[in-house]
Amino acid sequence: MNDAEFDDAPKQRSRLVTVARGVDIECGTPARHLVPNPILLTVRSPIVQVPAAAALISLLGVRRTLAGCVLPGWQTDRMDLPADSHVHSEWSWDTDLGAMDATCARAVALGLPAVAFTEHVDFTPFRAGDLAEKFGHLVTDGILTASELDVEGYLESVEKCRAKYPDLRILTGMEVGQPHRHAGEIADLLAQGTFDRMIGSLHCIPDGDEYAEPWELFPHYPADAAFRQYLAEIPRMVAESDVFDVLGHIDYPVRFWPEALGPFDPNVFEDELRHALRALAAGERALEINTRRPLDATILAWWREEGGQRVTFGSDAHLPEALGAGFAEAAAMAEAHGFRPDTKPENPWALTNKRRAGQPLLAVTIHDRSPGN
Ligand SMILES: [Zn+2]
Ligand SMILES: [Zn+2]
């Protein structure tokens, strides 16, 4: 129990806010535009100014009342957050600063119900480009070959965290790059343990005899052509591999979109995006809302129109601090498009689910201490 306290000067109707589970609000900003009668709410050390209208939160749920009026940290802590289904730890080959234990601690502090450690499994050697500097030990003749997942060490680490954080649902998983090209290698890994969440991701596509990531292609080819080639590969990936249940970051190349082209506009690629989404829906996979960059709402609308039924949420965090980033906004967008949480929070949100997304996981009650109450 983490009781929030008030500074109830100046003399005004004061309310006691009780936060039912420990939250860690990192900073706060006054939200004066919504504050006819401001009160100060202190949770742990920092002070967040909350509108008197927040009195309604016990009735309406924190999300509706506070959305948009305080800092993202506050919103995030108070949201009915989905599971973070795409997280990396020190067991991913590209994650030198990741930390499974600290990530779990962070998940608990944020109030995340579940995390899936989907470690990188990349069997496709690809052009190293700028990564050669950081990962020189993995590069030969300009080609990077990722090191293999240590399944035994990884699963041991998960078990330790499950014991240490019993209230957090911790899923095992992999993020498999180009799964359709590596069925045999992946089967060998899967035989070594149980993996709850399998993400299939397209990280690189063929370029002549080699494979290259979008950031390696964009300097050499028109970005729109490279992105079309990327999207055209997704139906192939679905058709040729059933090892993954979720498509990771369909907008991955957009992370590296050349500035000179101006902002990315999904409408330019509507046919290709719809084609990829249709194949994904027909293959009964889920679409990931990867929050490393906000997914364009248009793409989510098309996902639904093309028959998509389920979404997952993934921060793609490679550091504990990045866990759950952007989830408040992503969850609100998914809800607006009809996706709803499952009773098991680690499961994808689905159109067929009935649970209301607005039910706060962190119950907040307000006791009016003003005279007469
Ligand atoms: Zn990825
Ligand atoms: Zn990832």
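**Isoleucine 250 is in contact with Ala276, Leu287 and Ile299, leaving aside its neighbours within four places in sequence.** Two residues are in contact here if their C-beta atoms, placed from the backbone, lie within 7 Å. What you're looking at is a predicted model, in which local features need pLDDT of at least 70, side-chain atom pairs count only at pLDDT 80 or more, and totals for chains, interfaces and linings use all residues. Residues are numbered from 1 along each chain as its sequence is written, while chains are lettered from A and ligands numbered from 1 in the order in which they are written. Isoleucine 250 sits in the loop between β15 (246-247) and α10. With 23 other C-beta atoms within 10 Å, isoleucine 250 is buried. The cut-offs go like this: 20 or more other C-beta atoms within 10 Å of a residue's own means buried, 12 or fewer means exposed, and in between means partly exposed, with C-beta atoms placed from the backbone. Leucine 231 is 19 residues from isoleucine 250 along the chain, and their C-alpha atoms are separated by 8.0 Å.

**Zooming out, the protein chain has 12 helices and 19 strands.** Both kinds of element are DSSP runs numbered from the N terminus: helices are H or I with at least four residues, strands are E with at least two. Of the chain's 373 residues, 40% count as buried. If you take the contacts between residues at least 6 apart in sequence, 72% join residues at least 24 apart.

**Helices α9 and α10 pass each other with their axes within 9 Å, crossing at roughly 15 degrees.** That makes α9 roughly parallel to α10. Angles under 35 degrees get that label, those over 145 count as roughly antiparallel, 65 to 115 as roughly perpendicular, and the rest as oblique. The axes are lines fitted to C-alpha atoms, for helices over the stretch in contact, and angles run from 0 to 180 degrees between N-to-C directions. The crossing of α9 and α10 is left-handed, which means that the near helix is turned anticlockwise from the far one by less than a right angle; clockwise would be right-handed. From α9 come Arg228, Leu231, Ala232, Ile234, Pro235 and Val238, and from α10 come Glu272, Leu273, His275, Ala276, Ala279 and Leu280. Sorted by class, that contact has 9 nonpolar, 1 polar and 2 charged residues. Ala, Val, Leu, Ile, Met, Phe, Trp, Tyr, Cys and Pro count as nonpolar, Asp, Glu, Lys and Arg as charged, and the others, Gly among them, as polar.

**Here's proline 235, a residue of helix α9 (residues 223-240).** Proline 235 counts as partly exposed, because it has 17 C-beta neighbours inside 10 Å. Skipping its neighbours within four places in sequence, proline 235 is in contact with His275, Ala276 and Ala279. Leucine 277 is 42 residues away from proline 235 in sequence but 8.3 Å away in space, C-alpha to C-alpha.

**Helix α11 (residues 297-305) has Ile299, Leu300 and Trp303 buried.** They lie on the same side of α11, because they cover an arc of only 100 degrees around the axis; the arc is that of the directions from the helix axis to the C-beta atoms. These buried residues pack against α10, β16 (286-290) and α12 (327-336). After α11 comes glycine 307, with a positive phi near 105 degrees.

**Helices α10 and α11 cross at roughly 50 degrees, their axes coming within 9 Å.** The two are therefore oblique to each other. This crossing is right-handed. Leu273, Arg274 and Leu277 of α10 meet Ile299, Trp302 and Trp303 of α11. The tally for this contact is 5 nonpolar, no polar and 1 charged residues.

**Glutamine 178 isn't a glycine, yet its phi is positive, about 50 degrees.** You'll find glutamine 178 in the loop between β11 (169-177) and α7 (183-190). Glutamine 178 is buried, with 23 other C-beta atoms within 10 Å. Aspartate 316, also a residue other than glycine, has a positive phi near 55 degrees. Its place is the loop between β17 (310-314) and α12. Aspartate 316 has 24 C-beta neighbours inside 10 Å, so it counts as buried.

**Tryptophan 349 belongs to strand β18 (residues 349-350).** It is buried, with 26 other C-beta atoms within 10 Å. Leaving aside neighbours within four places in sequence, its contacts include Pro82, Arg310, Val311 and Phe339. Glutamate 335 is 14 residues from tryptophan 349 in sequence and 8.9 Å from it in space, C-alpha to C-alpha.
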